[in-house]
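Biologist: I am new to this structure and would like a short tour. Could you take me through it?
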Amino acid sequence: MLYTKTPQAWSTLPHPDVLGREAHTVILMANGRRSLRELSMLIGSDVSELAFDLCKAGYLQPTAFVAQEPHSSD
């Protein structure tokens, strides 16, 4: 599962103390390209439950990553 920030998350980013350090870090790093496994590895602990809670609270949303085709130079 891939997650990306919601508008609510973007408005919270300047205030890391609102949700706590780990939640802030997960939100900051959730870019729609990293899986929960990747986020967990980068943070150093399993963030699956936290990401689910942040999703329920409206800070993250599931997304499907769509790879863009490289531009051809004609």
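This is a predicted model: local features need pLDDT of at least 70, side-chain atom pairs count only at pLDDT 80 or more; totals for chains, interfaces and linings use all residues.

Biologist: Which residue is the bridge partner of Lys5 in strand 3?

Modeller: That partner is Leu60. Strand 1 (residues 2-5) pairs with strand 3 in the antiparallel sense, over 4 bridges.

Biologist: In what order do the strands of the sheet come?

Modeller: The sheet is open, and its 3 strands follow the order 2-1-3 with antiparallel pairing. From one strand to the next, the twist averages 40°.

Biologist: Why is one side of strand 2 and of strand 3 left without a neighbour in the sheet?

Modeller: Strand 2 (31-35) and strand 3 (60-63) are at the edges and each has a single partner strand, so one side of each has no neighbour in the sheet.

Biologist: Which strands does helix 3 lie across?

Modeller: Helix 3 lies across strand 1 and strand 2, at about 80° to strand 2. Helix 4 also packs on the sheet, where it touches strand 1 and strand 3, and its direction makes about 105° with that of strand 3.

Biologist: Turning to the largest nonpolar core, how many residues does it have?

Modeller: It has 15 residues, and Tyr3, Ile27, Leu54 and Leu60 have the most contacts inside it.

Biologist: Which helix gives the most to this core?

Modeller: Helix 2 does, with 4 residues. Helix 2 (21-29), helix 3 (36-43) and helix 4 (48-56) each supply at least two.

Biologist: And what is Tyr3 in contact with, leaving aside its neighbours within four places in sequence?

Modeller: Its contacts include Ala30, Leu36, Ala51, Cys55 and Leu60.

Methods. Residues are numbered from 1 along each chain as its sequence is written. Side-chain values use heavy atoms; hydrogens and water are left out. A nonpolar core is a set of buried Ala, Val, Leu, Ile, Met, Phe, Trp, Tyr and Cys residues joined through side-chain atoms within 4.5 Å. Buried means under 20% relative accessible area, exposed over 50%, partly exposed in between (1.4 Å probe, protein chains only). Contact means heavy atoms within 4.5 Å. Two strands pair if DSSP finds at least two bridges between them. Axes are lines fitted to C-alpha atoms, for helices over the stretch in contact, and angles run from 0 to 180 degrees between N-to-C directions.
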